[in-house]
Amino acid sequence: MAVQKKKSLVGFAIVLPSIVLAAVFIYYFIFWTLKVSFSNWDSFSALMKGEYTFVGFSNYIKLFSDWRFQKDLWNTLFFTLFFILGCISLGILLASLIDKGLKGSKIFQNIYLFPMALSFVVTGTVWRWIFAPGTVRDPAGINLLMSKIGLGALQWGWFTSKDSLGNFNFALIPVIIAAVWQMSGYVMAMYLAGLRGISEDIIEAARVDGATSNRIFWKIKMPLLQPITLSAMIILGHVSLKIFDLIYSMTGSGINNVTDMPSIYMYELTFRSNRYASGSAVSIIMLIMVAVIIVPYLYSSFRKGHDI
Amino acid sequence: MKTSKISQVLTYLILFIVAGIFLVPFYIALAASLRPFTEVSVSRMWELPSRISFEGFIQAFKKLSPNILNSFVLTVPATIISSFIGSINGYAFSKLKFRYSNVFFALILFGMFIPYQSIIFPLIRFLQSIGIYGSITALIMVHVIYGIPITTLIFRNYYDEIPNELIEASSIDGAGFMDTYARVLLPISVPGFVVVAIWQFTNIWNEFLFAVTVTNNPSQQPITVALVNLAGSQVVQWNVQMAGALIAALPTLLVYIFLGKYFIKGLLAGSVKG
């Protein structure tokens, strides 16, 4: 099969440049970062000297005993948990309502999805203004609104709050709200696409059997949409493990690092303190966290021959 | 089965309430940015301005216009180049499969999920070593390279839908593989290009991490970095900040309003077909 052979040769030749770019800019660079994370390059002068001293895992060990990094991991955990929970429950609710196909549904769908077109930086800038607590005397933002409608007693510090329950810092709540605002429409769109793919025959059969539309939604449609829930969790999960722009523009690391995240710490270590080795170690830990959810996902998609 | 009247009313009620909440940030930003400087007091932030004033917008635009230009200079070429690379790659991964092509595809795809923090330090050292660190050119290059996974993915899925017979018929005519791509595939790729271009435009316009680390000189910074600096400044009035946020959002918002259908396709292509 000469044609077949030529075909695969041409195919390989076409993608070869991209493979080389990926090899260098993804895999070699990751290896490079890994190498830095095992080095003594934790100051500008050490970097400039260029003498590479292998220090093993000591940068990692230091990180895990660093209270700020511990806080970052807890913040990431709670942020991820509530962000995924919020987006998926709101996404399902909105998809179920839109799916009823009432007049004007399309307009509502467009409203719920529009935050996806914005950058996290814009979202962060605007939501910071909304949640800025002001002072007790001169409340601002939501606090001001609450005092106007007689809920003044419920005012609190929002993202400036230092309160927590266990390791969950309440200051994360406004950040989670902003993130859910931005991405729940996306989850809704995923579910809607899934709902449209369900064959009418199944639904019709259930209707003939006298099932109510609510029952049809929860007992027939939702189980069929389980793969979408899994994809949504993976997509949202990898976004939240990397979350940077939103935190940076909305709250920064916060008082006592209540809203700090690994990405923010990494940024400050690498670009503010010239502690390249520690910054690299943080970024490798972030990579591992993301890889833990993405690699099995890619692997199973390709093994099953699914499209991604 | 018809939904009952009560359930209809209830559905609308929830739809309206959620829509109202979703539009709060938009209202707040708009009300703030159309406010005259004389009314810039926090205690009135929930009220509509007594008269519409564009002072905030004018000030914000004055401060941000060089960065808006930077963002266009960055986004347009990066979008075009990465779309074409994605298209030709997608053709190869879909129609010219070779041994282990799926493995290579997966290895490339992994690049769209990684936290870019894990490559940023070597990337900057590399850009410094070739002498383009800090420039918009460097940012364009970065966005083209790290845009390859997603553009390749979308085009591969797009070309997978096109029957192989169409390609084979053209090969029998004696056309080479590149001829086939140019004569058969490219002309029917327009919708694919629209989806990919919109996706790339939105993402690159909105991107922040590369923007803030690769450009260190304010004159080269894209709009996202300039907005953060504007909003972080203590001396800038908040009507100017909100106007700045709206200005930064406007291009992608317009794309969403006029080409929303393709935007959603890109969103879903970037995720999964379950």
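A residue counts as buried here if 20 or more other C-beta atoms lie within 10 Å of its own, and the legends below use the word in that sense for a model that is predicted.

**Figure 1. Helix α8 of chain B is mostly covered.** Of the 17 residues in α8(B), 14 are buried. The helix runs over residues 190-206 of chain B and reaches 24 Å from its first C-alpha to its last, close to the 24 Å expected at 1.5 Å a residue. In chain B as a whole, buried residues make up 49% of the 274 residues.

**Figure 2. Chain B is built from 11 helices and zero strands.** Read along the sequence, the elements of chain B follow the pattern α-α-α-α-α-α-α-α-α-α-α, and the C-alpha trace spans about 75 × 70 × 30 Å along its principal axes. Among contacts in chain B with a separation of 6 or more, 77% are accounted for by residues 24 or more positions apart. The mean pLDDT of chain B is 91, and 95% of the residues score at least 70. Among the elements of this chain, helix α4 (residues 117-129) has the highest mean pLDDT, at 97, whereas helix α6 (residues 164-172) has the lowest, at 76.

**Figure 3. Chain A contains 14 helices and two strands.** The C-alpha atoms of chain A fill a box of roughly 85 × 75 × 30 Å, taken along the principal axes. Buried residues make up 45% of the 308 residues in this chain, and residues 24 or more positions apart account for 68% of the contacts in chain A with a separation of 6 or more.

**Figure 4. The interface brings 80 residues of chain A into contact with 80 residues of chain B.** On the side of chain A that touches chain B, helix α1 (residues 2-37) of chain A gives the most, with 18 residues. The residues on that side of chain A divide into 55 nonpolar, 18 polar and seven charged. For the complex, the predictor gives an ipTM of 0.92 and a pTM of 0.93.

**Figure 5. Helix α5 of chain A packs against helix α1 of chain B at an angle of about 35 degrees.** The axes of α5(A), residues 105-113, and α1(B), residues 5-33, are 9 Å apart, and α5(A) passes α1(B) in a left-handed crossing. From α5(A), the contact is made by Phe108(A), Ile111(A) and Tyr112(A), while α1(B) provides Leu15(B), Ala19(B), Phe22(B) and Leu23(B). The residues of this contact divide into seven nonpolar, no polar and no charged. An α-helix has 3.6 residues a turn, so residues three or four places apart point the same way.

**Figure 6. Ala95 of chain A lies in helix α4 of that chain.** The helix covers residues 67-98 of chain A. Ala95(A) is buried because 26 other C-beta atoms lie within 10 Å, where 20 or more are required. Not counting residues up to four places away in sequence, Ala95(A) touches Met188(A), Tyr191(A), Leu192(A) and Leu195(A). Val121(A) is 26 residues from Ala95(A) along the chain, and the C-alpha atoms of the two residues are separated by 27 Å.

**Figure 7. Asn274 of chain A and Tyr100 of chain B have positive phi values.** Phi of Asn274(A) is near 55 degrees, a positive value in a residue other than glycine, and Asn274(A) is placed in the loop between α13 (262-272) and α14 (276-303) of chain A. Asn274(A) is partly exposed, as 17 other C-beta atoms lie within 10 Å. In chain B, Tyr100(B) has a positive phi of about 65 degrees although it is not a glycine, and its place is in the loop between α2 (55-95) and α3 (101-109). Tyr100(B) counts as exposed because it has 11 C-beta neighbours inside 10 Å, and the class of exposed residues takes those with 12 or fewer.

**Figure 8. Arg207 of chain A is found in helix α9 of that chain.** Helix α9 comprises residues 200-208 of chain A. Arg207(A) has 14 other C-beta atoms within 10 Å and is therefore partly exposed. Arg207(A) and Trp74(A) are 133 residues apart in sequence, and from C-alpha to C-alpha they are 47 Å apart in space.

Technical notes. Residues numbered from 1 in each chain as written. Chains lettered and ligands numbered in written order. Predicted model: local features only at pLDDT ≥ 70, side-chain atom pairs only at ≥ 80, totals over all residues. Contact = placed C-beta atoms within 7 Å. Helix = DSSP H or I, 4+ residues; strand = E, 2+ residues; numbered from the N terminus. Nonpolar A, V, L, I, M, F, W, Y, C, P; charged D, E, K, R; others polar. Expected span 1.5 Å × (residues − 1). pLDDT = per-residue confidence, 0-100. Axes fitted to C-alpha atoms, helices over the stretch in contact; angles between N-to-C directions. Left-handed = near helix turned anticlockwise from the far one by under 90°.
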